[in-house]
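Here is my note on the fold, point by point. Please read it with the structure open.

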Amino acid sequence: MIKLKNCLDDSLPSELAVNPFLDLFAHLARCEANYSRLRKLLRRPRSGEFQSRTVEFANGSASLRFEHSRISRYTSSVVIRQTSTETLTNLNLKLHVYHDTKAAEVVSYQRHNDFRVLETRPAPPRTQRFEKIEMNRFLTELLDHCLTFGTAMQAESTAAEEQGSSV
């Protein structure tokens, strides 16, 4: 593990010093593994392109809707929404999928989107110290659960797919 504090001490004021124990390589490896899991769930069989899908579970619990849309040639967006009739707060995750580096990371959770990987101190209007890392861990567990217990169903085509913008 590289201590990022030593690399960035000169460029950051002392009150913004980076946590020396942050393992950035492990974070990037998790994002790459999440891309692989997401690809297994959303890939079209013949073309290999991503598509929107709904994952249903055998126990009758709420299903998850994976909505894929294209942003640019190398980056796309996936929104994961939970569909249930219960009064609990439904899940709403937004991911950026980087096809050139084969990585996927959480950029928004329940419409909260001010995540910073290298933040050392929590600021009241922003997030906790390792919240972005924890959100990506949660994504790993969610995708593993979908792959293990879920059945991916072909979703109806979205406007982006009708325009031929799948990646």
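1. A crossing is left-handed if the near helix is turned anticlockwise from the far one by less than a right angle, and right-handed if clockwise. In this predicted model, α2 passes α3 in a left-handed crossing.

2. Next, the geometry of that pair. Helix α2 covers residues 24–42 and helix α3 residues 131–149. Their axes come within 10 Å and cross at roughly 30 degrees. Angles under 35 degrees count as roughly parallel, and α2 and α3 are therefore roughly parallel to each other.

3. Which residues make the contact? On the α2 side they are His 27, Arg 30, Cys 31, Asn 34, Arg 37, Leu 38, Lys 40 and Leu 41. In α3 they meet Lys 132, Ile 133, Asn 136, Arg 137, Leu 139, Thr 140, Leu 143, Asp 144, Cys 146 and Leu 147. These contact residues divide into 8 nonpolar, 4 polar and 6 charged.

4. Now the sheet. The 6 strands form an open sheet with antiparallel pairing, in the order β5-β4-β3-β2-β1-β6. β5 (103–109) and β6 (150–154) are the edge strands, each pairing on one side only. From one strand to the next, the twist averages 25 degrees.

5. β6 runs antiparallel to β1 (residues 53–57), and 5 bridges join the two. Glu 56 has Thr 151 in β6 as its bridge partner.

6. How do the helices sit on the sheet? α2 lies across β1, β2, β3, β4, β5 and β6, at about 95 degrees to β5. α3 also lies across β1, β2, β3, β4, β5 and β6, and runs at about 110 degrees to β5.

Notes
Residues are numbered from 1 along each chain as its sequence is written. This is a predicted model: local features need pLDDT of at least 70, side-chain atom pairs count only at pLDDT 80 or more; totals for chains, interfaces and linings use all residues. Side-chain values use heavy atoms; hydrogens and water are left out. Axes are lines fitted to C-alpha atoms, for helices over the stretch in contact, and angles run from 0 to 180 degrees between N-to-C directions. Helices (H or I, at least four residues) and strands (E, at least two) are DSSP runs, numbered from the N terminus. Angles under 35 degrees count as roughly parallel, over 145 as roughly antiparallel, 65 to 115 as roughly perpendicular and the rest as oblique. Contact means heavy atoms within 4.5 Å. Ala, Val, Leu, Ile, Met, Phe, Trp, Tyr, Cys and Pro count as nonpolar, Asp, Glu, Lys and Arg as charged, and the others, Gly among them, as polar. Two strands pair if DSSP finds at least two bridges between them.
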